[in-house]
Amino acid sequence: MAVSVVKGQKIDLTKTNPGLSRLTVGIGWETASGVELDTSAFLLGSNNKVAGDEDFIFYNQPSTSFITYMDGGQVGGEKKQFAIDFGKIPARIEKIAFSLTIHDGEVRRHHFGQVQHGFIRFANTATGQEVMRYDLGSDFTVETAIVIGELYRHNGEWKFSAVGSGFAGGLNALCANFGVDVDGGSDPAPTSTVLPTAAPTPPSPVPEPTPAPVHSINFSKIELKKKGDTINLKKNAGGLGEILINLNWNQQGSKGLFGRNKSVDLDLGCLFEMKDGTRDVIQALGKRFGSLNGYPYIALDGDDRTGSVKTGENLRINGARIAEIERILVFTYIYGGVANWSQVDGVVTIQQKDGPDIIVRMNEYGSPLGMCGIAMLRNVNNETFSIERIVQFYNGHQALDDAHHWGMQWVAGRK
């Protein structure tokens, strides 16, 4: 029977479950509408700090040799899971701390007072049997990050400590606590001054350890992985600056008759709507390349017909004119070649001034349709754009238009 623990409790895990070598850690929760959470794991040494970038496991760095971050399973109601192989954990790792955080960009609007029924549960991977569960309770208010609990070594065995400690500074504050410096931001100090330590007191005094160096995790890229995932471009006092949307794809193409390469002509474009209601298209088809410094302040800078140009194709948006632009729907279509998106392996990168690159992969394979709506940019208070992942396939321009209510009339054309 699974053991239920309460906040502050420490229990044996491997000692009381002989043969437990691989563990599935499930984390679940319920939230009010609009609250998004992330999970992460910090791999800590005896000084309660990470030793390097590889010791921070999260959605953009999902695995190392002994732990893997993944979406939740069908059993137990977890939203996220970590798979752990005890036999592969290096001796330098003394502790694994599991956390929940309000999604980056939402910490000013949401908090854990809006989250209910948070829990962590451990199951024997080999048998699927649940061996331990800790329910967080509902006593959180303004916190935006929580250390749920910690796995830690003790006399050659692994134990669990139910921490339940909250922070008011989101992921940045949590990273600072564990010695990770998140590039490009600072946050308030944690609400709890000291996290409970699970390691036993040494039998004799030991010298004060040298402070661990602070290691930098570079959030230079953020990937929107699911349909509907949304993030705002970074706001800057000097304005958005130029926004570059790059499309690149597999340069090898597919094999045709006698093994020859059949290149695919993949074109980048966008539908746009201005604040005055004007709607139009930017694309190579019809030579509608637009203009960066003149209306509509959006320009397509090339037409790569083979995928052999390493820089791919680019849309450029003049962020200084954001007040005149309502929304932009970025799309691509296969002008020539077979609609085999798995071979195309397309990826769109949105680059912004002083902010992380935003990645959208066209990996919803299986569609025979030749057009893909990739991402929607929407004006936010004339200060920035929100970016929403779409990655939906359509049977041509008219179907794309109808799905997103542009209301334009389309006729056949050619380059």
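**Cores, sheets and local backbone geometry of the predicted model**

In the largest nonpolar core, which comprises 57 residues, Ile96, Phe98, Phe122 and Leu151 touch the most other members. A nonpolar core is here a set of buried Ala, Val, Leu, Ile, Met, Phe, Trp, Tyr and Cys residues joined through side-chain atoms within 4.5 Å; buried denotes under 20% relative accessible area, exposed over 50%, and partly exposed the range in between (1.4 Å probe, protein chains only). A second, separate core of 41 residues includes Ile231, Val360, Met362 and Phe393. In soluble globular proteins, nonpolar side chains tend to be buried together.

The model is predicted, so that local features need pLDDT of at least 70 and side-chain atom pairs count only at pLDDT 80 or more, whereas totals for chains, interfaces and linings use all residues. Residues are numbered from 1 along each chain as its sequence is written, and side-chain values use heavy atoms, with hydrogens and water left out.

Helices (H or I, at least four residues) and strands (E, at least two) are DSSP runs numbered from the N terminus. Strand S8 (95-102) is largely enclosed by the rest of the structure, because 8 of its 8 residues are buried. Lys95, Ala97, Ser99 and Thr101 are buried on one side of S8, and Ile96, Phe98, Leu100 and Ile102 on the other, so that both faces are covered. In a regular strand the side chains alternate between the two faces of the sheet. Strands are taken to pair if DSSP finds at least two bridges between them. S8 runs antiparallel to strand S4 (residues 37-44), to which it is joined by 8 bridges, with Ala41 opposite Phe98.

The loop between S8 and strand S9 (115-124) contains His110. This histidine, His110, counts as buried because its relative accessibility is 8%. The side chains of His110 and Gln114 are joined by a polar contact of 3.3 Å. Such a contact is a pair of N or O atoms within 3.5 Å; within protein, one must be able to donate a hydrogen and the other to accept it, and residues adjacent in sequence count only if both atoms are side-chain atoms.

An open sheet of 6 strands with mixed pairing has the order S1-S10-S9-S3-S7-S6. Strand S1 (3-5) and strand S6 (67-71) stand at its edges with a single partner strand each, so one side of each lacks a neighbour in the sheet. Within this sheet, strand S3 (residues 22-31) and strand S7 (residues 80-85) pair in the antiparallel sense over 6 bridges, and Gly26 has Gln81 as its bridge partner in S7.

Most residues other than glycine have a negative phi, and most peptide bonds are trans. Val391, in strand S29 (residues 384-394), has a positive phi near 45° and is buried, with a relative accessible area of 4%. His405, in the segment after helix H3 (397-404), has a positive phi of about 60° but counts as exposed at 61% relative accessibility. The buried residues of H3 are His397, Leu400, Asp401 and His404. Seen down the axis of H3, these residues fall within an arc of 100° and so line one face of the helix, the arc being that of the directions from the helix axis to the C-beta atoms. The peptide bond from Tyr295 to Pro296 is cis, with omega near 5°; Pro296 lies in the loop between strand S22 (290-291) and strand S23 (298-300).
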